[in-house]
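Subject: Structure for your files

Hello,

Here is the structure we spoke about, with its sequence. My notes follow below it.

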Amino acid sequence: MLPWLLLLICALPCEPAGISDVSLKTRPPGGWVMEGDKLVLICSVDRVTGNITYFWYRGALGFHLETKTQPALTAEFEISDMKQSDADQYYCAANDGHDPIPSELVSVHVRVPVSRPVLTFGDSGTQAVLGDLVELHCKAPRGSPPIFYQFYHESIILGNSSAPSGGGASFNFSLTAEHSGNFSCEASNGQGAQRSEVVALNLTGLSLVPTENGISHLSLGLTGWLLGCLGPITMALIFCYWLKRKIGRQSEDPLRNPPQTVLQGSTYPQTPGPRQPEPLYENVNVVSGDEVYSLVYHTPQVLEPAAAQHVRTHGASESFQVSSGLYSKPRIDIAYMDYEEAM
């Protein structure tokens with residue numbers, strides 16, 4: 001009796017079993033999507049028994065996004081322009097006429113490319129002194145973490161830093177004379193790199209900074225000031241020295257400064273005066289002939305310009321020179337004078 005009963009049960013029409021497995025996948029896969037790109041949420045079931053109604057939800061509380069009914073194993077829901085605020089958890093559910101069966105939660109991440117970073121200096125600002133500890137701070141206003149930063153002096157990499165949770169990063173270095181110039185930084189998060197604007201750092205003041213070889217550097221500003229001041233002073237000193245030597249040579253050159261002859265007159269003892277000048281020499285020996293030696297006295301006398309011109313125009317026979325070591329030989333044409341008479 002039992003086998004016939006089993007055959008009778010199996011001959012009766014049996015209602016097909018409903019769906020038992022619902023899953024949600026994303027495109028791009030893994031739930032990672034760039035800001036501005038589209039996200040596709042794909043909901044799947046394990047079997048189809050007719051029309052299936054698909055539901056899409058956002059967040060753990062189940063904010064309803066979309067509903068579709070179709071006799072298919074899969075259904076898609078598309079978000080065309082993803083924003084950073086769209087990063088969240090998503091899930092779907094499927095219903096074949098019985099109770100809806102939900103999928104598991106899937107996390108969706110929106111990757112934001114870094115924006116152009118801004119480079120700033122620390123407390124020192126763009127004015128710094130040699131030897132100072134300078135802080136460079138680079139920050140991209142937008143960008144998904146982690147963000148990797150590189151710091152540049154001109155085109156040379158000074159160092160790098162990272163911000164695992166986003167935001168900015170800093171780099172410190174000791175300022176030397178070689179660091180004068182332009183600085184910049186670069187930010188990257190794997191979605192492209194952005195370079196900051198160039199910022200110039202000016203070195204001011206005086207500071208002695210020991211370098212690797214022990215040599216100390218003066219600040220560029222002081223060096224320029226010294227060169228600017230010492231240059232004109234040195235040229236002025238050289239010119240004064242040259243002018244002094246030129247004047248000295250002119251005063252010593254006999255061709256440029258001929259000696260001025262001071263004519264001095266002879267005075268005989270008969271010449272009246274309060275005081276007779278002392279003779280430089282006298283010769284009392286009478287020489288035979290028309291000539292007789294006379295007493296010679298040294299009496300300084302400055303001639304007026306007219307008298308001096310008169311003396312220069314007469315011949316040597318009409319004048320005589322008087323000095324401390326010369327004889328005077330007067331011409332005696334009118335009368336013969338004896339030394340004793342002159343005395």
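**Cores, disulfides and rings**

The largest nonpolar core has 23 residues, and L119, Y149 and F151 touch the most other members. A nonpolar core here is a set of buried Ala, Val, Leu, Ile, Met, Phe, Trp, Tyr and Cys residues joined through side-chain atoms within 4.5 Å; buried means under 20% relative accessible area, exposed over 50%, and partly exposed in between (1.4 Å probe, protein chains only). At least two residues of this core come from each of strand 10 (118-121), strand 12 (133-139), strand 13 (147-153), strand 15 (168-174), strand 16 and strand 18 (199-203). A second, separate core of 21 residues includes Y54, W56, C92 and A94. Strands are DSSP runs (E, at least two residues), numbered from the N terminus.

The model is predicted: local features need pLDDT of at least 70 and side-chain atom pairs count only at pLDDT 80 or more, while totals for chains, interfaces and linings use all residues. Residues are numbered from 1 along each chain as its sequence is written, and side-chain values use heavy atoms, with hydrogens and water left out.

There are two disulfides in the whole structure (cysteine sulfur atoms within 2.5 Å). C43 and C92 have their sulfur atoms 2.1 Å apart, and their link is right-handed, with 80 degrees about the S-S bond. C43 is in strand 3 (residues 39-45) and C92 in strand 7, 49 residues apart. In the other disulfide, C138 and C185, the sulfur atoms are 2.0 Å apart. C138 lies in strand 12 and C185 in strand 16, so this pair ties together parts that are 47 residues apart in sequence. C240 counts as partly exposed, at 49% relative accessibility.

The whole structure holds nine aromatic pairs. Rings of Phe, Tyr and Trp (its six-membered ring) pair if their centres lie within 6.5 Å; planes under 30 degrees apart count as stacked, over 60 as edge-to-face and the rest as tilted. Y57 and Y91 are stacked, with centres 5.0 Å apart and planes at 15 degrees. Both Y57 and Y91 are buried. F171 and F173 are also stacked, at 6.3 Å and 20 degrees. Ring pairs link F121, F151, F171, F173 and F183 into a cluster.

S184 is in strand 16 (residues 181-188) and is buried, at 5% relative accessibility. Its side chain makes a polar contact with that of R195 at 3.3 Å; such a contact is a pair of N or O atoms within 3.5 Å, and within protein one must be able to donate a hydrogen and the other to accept it, with residues adjacent in sequence counting only if both atoms are side-chain atoms.

Regards

Conventions
Helices (H or I, at least four residues) and strands (E, at least two) are DSSP runs, numbered from the N terminus.
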